[in-house]
Amino acid sequence: MSGRSRSRQSSAIRISDEQITDLVHKLQQLLPEIRNRHSDKVSAAKVLQETCNYIRSLHREVDDLSERLSELLATSDTAQAAIIRSLLTQ
């Protein structure tokens, strides 16, 4: 990408420091690891790192729950499996 292209692209998506601070604060409120701390002073880097960790954790949890659900559906009788499937598609 040429310097001119980067310049046009970056100027089109500029975010003010205030907006970044606000977004980091919003992320902080979503993170259980940070939200429960009594100190309001957490660096933006720490918030972003914890956000990544939390998303990875959620992915692992979804994978685990999906696996458990698949096992449940495979071992359930067909009537129970049909009820579970119908609940999932609602």
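Q: At what angle do the axes of α4 and α5 cross?
A: This is a predicted model, and in it the axes of α4 and α5 come within 8 Å of each other. Two packed helices are described by the angle between their axes as well as the distance between them. For α4 and α5, that crossing angle is roughly 145°.

Q: Which residues of α5 make the contact with α4?
A: On the α4 side, the contact is made by Leu 69, Leu 72 and Leu 73. Sorted by type, the residues of this contact come out as six nonpolar, no polar and one charged. Across from the three leucines, the α5 side is made by Ala 81, Ile 84, Arg 85 and Leu 88.

Q: How far apart are the end C-alpha atoms of helix α4?
A: Helix α4 runs over residues 44-75, so it has 32 residues. At 1.5 Å a residue, it should span 46 Å. The model agrees with that, because the end C-alpha atoms are 46 Å apart.

Q: Which elements do the buried residues of α4 pack against?
A: Start with who is buried: in α4 that's Val 47, Glu 50, Thr 51 and Leu 73. Those buried residues pack against α2 (17-30), α3 (32-35) and α5 (78-88).

Q: How many helices does the protein chain have?
A: Reading from the N terminus on, the elements run α-α-α-α-α. There are zero strands, and the helices come to five.

Q: Is Ile 34 buried or exposed?
A: Ile 34 is found in helix α3. Its relative accessibility is 1%, and the cut-off for buried is under 20%. That's why Ile 34 counts as buried.

Q: Which residues does Ile 34 touch, not counting those up to four places away in sequence?
A: Ile 34 also has a place in the largest nonpolar core, together with Val 24, Leu 31, Val 42 and Val 47. Its C-alpha atom is separated by 9.6 Å from that of Thr 51, 17 residues apart along the chain. Leaving its sequence neighbours aside, Ile 34 touches Gln 28, Val 42, Lys 46, Val 47 and Glu 50.

Q: How exposed is Gln 29: what is its relative accessible area?
A: Gln 29 has its place in helix α2. Gln 29 counts as partly exposed because its relative accessible area is 39%.

Q: What share of the 90 residues counts as buried?
A: Among contacts between residues at least 6 apart in sequence, 6% join residues at least 24 apart. As for burial, the share of the 90 residues is 13%.

Q: Where in the protein chain is confidence lowest?
A: The chain averages a pLDDT of 83, and 83% of the residues score at least 70. Confidence is highest in α2, at 93, while the lowest mean is 56. Where pLDDT is low, the predicted coordinates should not be read in detail. The place with that lowest mean is helix α1 (residues 3-12).

Note on methods
Residues numbered from 1 in each chain as written. Predicted model: local features only at pLDDT ≥ 70, side-chain atom pairs only at ≥ 80, totals over all residues. Heavy atoms only, no water. Helix = DSSP H or I, 4+ residues; strand = E, 2+ residues; numbered from the N terminus. Expected span 1.5 Å × (residues − 1). Buried < 20%, exposed > 50% of the residue type's maximum accessible area, 1.4 Å probe, protein only. Contact = heavy atoms within 4.5 Å. Axes fitted to C-alpha atoms, helices over the stretch in contact; angles between N-to-C directions. Nonpolar A, V, L, I, M, F, W, Y, C, P; charged D, E, K, R; others polar. pLDDT = per-residue confidence, 0-100. Core = buried A, V, L, I, M, F, W, Y, C linked by side-chain atoms within 4.5 Å.
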